[in-house]
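Please walk through this protein with the sequence and the model side by side.

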Amino acid sequence: MALSQHDLLRLLESLRSADGLELVRGVAERMLQELIEAETTARIGAEWNEHTDSRTAFRNGHRDKTLSTQAGDLELGIPKLRSGSFFPVLLERRRRIDQALYAVIMEAYVHGVSTRSVDDLVKALGADTGISKSEVSRICQDLDGQLAAFRTRSLDHVRFPYVYLDATYCKARVEHQIVSRAVVIATGITEDGGREVLGVMVGDSETEVFWTEFLRHLRERGLTGVRLVIGDHHLGLVKAIRKVMLGAAYQRCRVHFLRNVFAVISKEAGEMVAATIRTIFAQPTAEAVRTQLDTVADMLGKQFPKVREMLLAAKDDLTAFAGFPERHWKKIQSTNPLERLNREVKRRTDVVQVFPNDDALLRLVTAVLFELHDEWIAFPRRYLPEGSMDQLYPELPERAPALPNATNTTSS
């Protein structure tokens, strides 16, 4: 929509009398409004009161939209259509993570549980002049539908022979207290060697009840074909795996095990002990792996009896990977495949520091995982080599049926 001579004169006069900030705000507001109107014209195929054969809809007034910027709040009008809906691409936030981070920051700010860093971010976003609880609620509702659909989507489209589980911790306000919350994440390797994010949940702790609920939720969504679950020795996790993931072996993360070992030996001995333990995982055959663990336990036991006890007690869990194709060993000995996800989650959550509630924490973490999952799907890359996956299902049909519930006794 072109400005008339009258409009141009009025705008010029207002700009002459405005200070620097008002000048920027006035120009930005008018420019954005003109771009919105131009996009509307392109969308419906006609200008105001223009009669064309290509017109697809009619304008029906405007609805108010306040856009917060560093120059202050801009008052815009979003055209309404008599049929269909319209929202300008110009005002859409670029990514789900950006939307989620914005929503969480504002939610923390409105509820008065923000830290100084969040207050600074609110000012940088130009929204410190006022943001209402209703506006925050609208932002959250728009985003939560997409994220909930991602968390509850069906998983029965393919089998997942390998599942990785790990937990990270963030702070949130629960019943007026700031507490540590466990964020558990599951990813899986598909039977054709690709990767997907399977699920995420926020809870009180890493108890057996919590892990059981999480794993059953994955099962109910159709997770099937699991041969090996890789995870740390979290409290309750192993019991939950053996209760819910029937037919699947458990691999204890070698990296986390080494950290547990470091806790019972001196710092000076750490490098030598770690190098010795790593020889277990460098053996060429399954039999050699298990034999080497016994050898290493005896070697270290003379000087570090606690380490010997730890190795022998964890033998079956540490060497479970050896029962699978040798070409997969390096990728299934630890939860390292989850490290990038955890780093990105922590990078985003550290910005907020303290979340106003569990919903806000789950919203941001889900958005981060959704984006990474989309990258894996949009730019597929085999995580495990082609031709090596066939050995995992020699006795099963091409597609194993999804389990109807977590108590099914069929091997998975």
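How many helices and strands does the secondary structure of the protein come to? The answer is 15 helices and eight strands. The model is a predicted one. The protein has 412 residues, and buried residues make up 48% of them. Among contacts between residues at least 6 apart in sequence, 67% join residues at least 24 apart.

Helix packing can be followed around helix 11. Helix 11 covers residues 305-313, and its axis comes within 10 Å of the axis of helix 8, residues 254-262. The two axes cross at roughly 155 degrees. Angles over 145 degrees count as roughly antiparallel, and helix 8 and helix 11 are therefore roughly antiparallel to each other. Their crossing is right-handed. On the helix 8 side the contact is made by F257, N260 and V261, and on the helix 11 side by V307, M310 and L311. Sorted by class, this contact of helix 8 with helix 11 has five nonpolar residues, one polar residue and no charged residues.

Helix 11 also packs against helix 10, residues 286-301. Here the axes come within 7 Å and cross at roughly 165 degrees, which makes helix 10 roughly antiparallel to helix 11. The crossing of helix 10 and helix 11 is left-handed. Helix 10 contributes L293, D294, V296, A297, D298, L300 and G301 to the contact, while helix 11 contributes P305, V307, R308, L311 and L312. The residues of this contact of helix 10 with helix 11 divide into eight nonpolar, one polar and three charged.

Next come the aromatic side chains. Rings pair if their centres lie within 6.5 Å, and by this rule the count comes to five aromatic pairs. In one of them, the rings of F150 and F370 have centres 4.3 Å apart and planes at 10 degrees, so the pair is stacked. F150 belongs to helix 5 (residues 133-151) and F370 to helix 15 (residues 358-378), so this pair ties together parts that are 220 residues apart in sequence. Buried means under 20% relative accessible area. F150 is buried at 6%, and F370 is buried at 12%.

Y162 and F324 form an aromatic pair that is edge-to-face, with 5.7 Å centre to centre and 70 degrees between the planes. This pair also links distant parts of the chain, 162 residues apart: Y162 is in strand 3 (residues 162-174), and F324 is in the loop between helix 12 (315-318) and helix 13 (329-332). Y162 counts as buried, at 0% relative accessibility. F324 is buried too, with a relative accessible area of 14%. Elsewhere, F281, F321 and W329 form one aromatic cluster.

The last stop is T66, in strand 1 (residues 59-69). Is T66 buried or partly exposed? At 38% relative accessibility, T66 counts as partly exposed. Leaving aside residues up to four places away in sequence, T66 touches D73, L74 and E75. T66 and L76 are 10 residues apart in sequence, and their C-alpha atoms are 6.1 Å apart in space.

Conventions:
Residues numbered from 1 in each chain as written. Predicted model: local features only at pLDDT ≥ 70, side-chain atom pairs only at ≥ 80, totals over all residues. Heavy atoms only, no water. Axes fitted to C-alpha atoms, helices over the stretch in contact; angles between N-to-C directions. Helix = DSSP H or I, 4+ residues; strand = E, 2+ residues; numbered from the N terminus. Parallel < 35°, antiparallel > 145°, perpendicular 65-115°, else oblique. Left-handed = near helix turned anticlockwise from the far one by under 90°. Contact = heavy atoms within 4.5 Å. Nonpolar A, V, L, I, M, F, W, Y, C, P; charged D, E, K, R; others polar. Phe/Tyr/Trp six-rings, centres within 6.5 Å; stacked < 30°, edge-to-face > 60°. Buried < 20%, exposed > 50% of the residue type's maximum accessible area, 1.4 Å probe, protein only.
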